[in-house]
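Subject: Structure to look at

Hi,

Here is the structure I promised to pass on.

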Amino acid sequence: MIIAHLSDFHICAYGARLTQLQDMPSRSTPVGRGWETVRREGDWRIQKRRASDSSFRIRDQLRLVDDNGIVHRVTKTLWGVGESRAIDELLGLVDVRRRNTPQELAENFPSEAELETRLQRDPENLNLRFCAVAHAMRRDRPDRIVITGDLTDDAEGFDLILRGFEPFFERGQISCVPGNHDVYGTPPLWVRKAHRKKEAEKRLLWATFASSVGLPAKGSHVRELGDGVLLVSFDSCHHAPLPGSASGMVHERDLHKVARELDGLGKQVRLACLHHHVVNPPLRHVGLSPIQAGMRLRNAKRVFAMLKELRFQLVMNGHRHVGYRYHPANSPLFLSAPSSTIGCRSGEKPYYWRVEIDGDSVGAVQEVPIPPRI
Ligand SMILES: [Fe+2]
Ligand SMILES: [Fe+2]
C-alpha cells in the first residue's frame with residue numbers, strides 16, 4: 001500500500017495567508033503607520049509608504065490590501081520601475097487574485113496546462129498551488145492520502161479541497177484531521193472584527209466538510225484501511241486558554257477510547273496522524289531554531305508514551321511547516337510533513353512523503369517533489 005502524506009495547504013480567500021498584521025488606522029496615524037491609499041480597485045486598495053517618513057527606509061514602497069483588509073505579501077519597491085508601472089502590476093495581481101478564489105477554482109478546476117500558465121503569473125498563490133498538489137495526486141495515484149491539518153487558512157475553501165481530490169474522496173481514500181487554522185477562532189489582531197470567525201462556527205464548517213465525505217465530524221477515531229493496515233486519527237486541536245494560542249493537546253478520553261478499540265483488534269500495522277508534532281523539529285535546523293511558544297502539543301510526553309505502548313509503527317503530523325523524520329529506538333517513526341503548498345521552513349520547495357507499507361511493516365519513505373517547481 002502506498003500512502004501520500006500531505007499537510008498545511010492553507011487555502012484562503014484570495015490565495016494570500018493571514019500572516020501580516022494589517023495596520024489599523026488610529027487617531028495618531030489616520031492611514032495606519034504611514035501607509036496611504038493611492039489607488040482603489042473596488043474595495044481593494046494599493047497603498048504607498050514614503051521613504052522620507054523613516055530614516056530606515058531608502059525607497060518608497062507600494063502594497064496591496066484586499067477587501068477583507070488582508071495585506072498581501074507583495075511589496076513593490078519603487079526602484080527603477082516607476083510608480084505607475086508598479087501600480088499597473090499590482091492591479092494585474094488584483095485581477096488574478098480575484099479570479100482564483102477557492103469557489104471559482106472549485107467550479108472551474110483548471111487543467112494542468114492552464115494551471116501552469118496561472119502559476120507563472122502568480123506563483124505564490126496558495127489556492128493555485130493547492131491545485132498543483134491535487135494534480136500531483138491524480139498523476140501519482142497513491143492508494144491512500146493522509147492530510148495532517150491546516151487544510152484551510154481560516155475555514156474557507158473546503159469546496160476546493162473536495163473538487164481537487166474528488167476522485168479520491170469518491171473512493172474513500174482520504175483521511176484528514178483538522179489543524180488549528182481550520183478550527184481555532186480567527187486571531188483578533190489579523191483580521192477586522194466583521195471578518196473574524198468564532199471557534200464554534202469553524203468547528204461547524206469542519207464538521208460539515210468531514211460529514212460530507214463520510215469522515216467523523218469530531219474527535220479521534222480508528223479506521224481500517226485494508227491490507228491489515230489501521231489508521232488512528234487524533235484530533236489535537238484543543239488550544240490553551242490564551243488569545244492567539246496555536247498549541248494543542250489530545251484529550252485523555254480520546255487516548256482511552258482509542259486504546260480500548262485497539263484492544264479488540266488483531267495484529268495490524270498501526271499508523272497514527274494528528275496535526276501537532278509529538279517530537280520536536282530539529283533545533284538549529286539550517287541555523288534557525290523553530291520557535292515553540294504557543295505551538296506545541298501540550299501533553300506530548302503522554303501521547304508519546306501511549307503511541308509507544310500501543311505499538312504504533314508510524315506517526316504523521318503537520319503544523320510546523322518543517323519536514324523531518326525521527327525514529328527513536330523501540331518507538332514509532334515520526335514523520336512531519338512540510339506545507340504541501342508553501343514548502344519547508346528550510347527553504348525546500350513543496351514535497352510530500354510517500355510511505356510504502358510493506359506486508360506488516362513500514363517500508364520505504366521518500367520525499368516526492370510537487371511540481372511545478374516554481
Ligand atoms: Fe500550518
Ligand atoms: Fe497549524
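Predicted model: local features only at pLDDT ≥ 70, side-chain atom pairs only at ≥ 80, totals over all residues.

**Helix α8**

Helix α8 covers residues 199-212, which makes 14 residues. From first C-alpha to last it reaches 20 Å, close to the 20 Å expected at 1.5 Å a residue. Its buried residues are K202, R203, W206 and F209. Looking down the axis of α8, these fall within an arc of 125°, so they line one face of the helix. What do they sit against? The buried residues of α8 pack against α5 (158-164) and α7 (180-183). On the face turned away from that buried side you'll find the exposed residues A200, T208 and S211. Just after α8 comes G214, with a positive phi of about 75°.

**The α3/α4 pair**

Two packed helices are described by the angle between their axes and the distance between the axes. For α3 (residues 112-121) and α4 (residues 126-140), the axes come within 10 Å and cross at roughly 150°. With over 145 degrees as the cut-off, α3 and α4 are therefore roughly antiparallel to each other. Their crossing is left-handed. On the α3 side the contact is made by E112, L115, R118 and L119, and α4 brings L128, C131, A132 and H135 to it.

**Backbone spots to check**

Most residues other than glycine have a negative phi, and most peptide bonds are trans. A few places here go the other way:

- D227 has a positive phi of about 55° although it is not a glycine. It is found in the loop between β8 (221-226) and β9 (229-233). Is D227 buried or exposed? With 12 other C-beta atoms within 10 Å, D227 is exposed; 12 or fewer is the cut-off for that class.
- H319 isn't a glycine either, and its phi is positive at about 80°. Its place is in the loop between β11 (314-317) and β12 (324-326). H319 has 29 C-beta neighbours inside 10 Å and so counts as buried, the cut-off being 20 or more.
- The peptide bond from P371 to P372 is cis, with omega near -5°. P372 is found in the segment after β15 (361-369).

So that's one exposed residue, D227, and one buried residue, H319, with positive phi values of about 55° and about 80°, plus the cis bond from P371 to P372.

Cheers

Conventions: Residues numbered from 1 in each chain as written. Chains lettered and ligands numbered in written order. Helix = DSSP H or I, 4+ residues; strand = E, 2+ residues; numbered from the N terminus. Expected span 1.5 Å × (residues − 1). Arc of directions from axis to C-beta. Contact = placed C-beta atoms within 7 Å. Axes fitted to C-alpha atoms, helices over the stretch in contact; angles between N-to-C directions. Parallel < 35°, antiparallel > 145°, perpendicular 65-115°, else oblique. Left-handed = near helix turned anticlockwise from the far one by under 90°.
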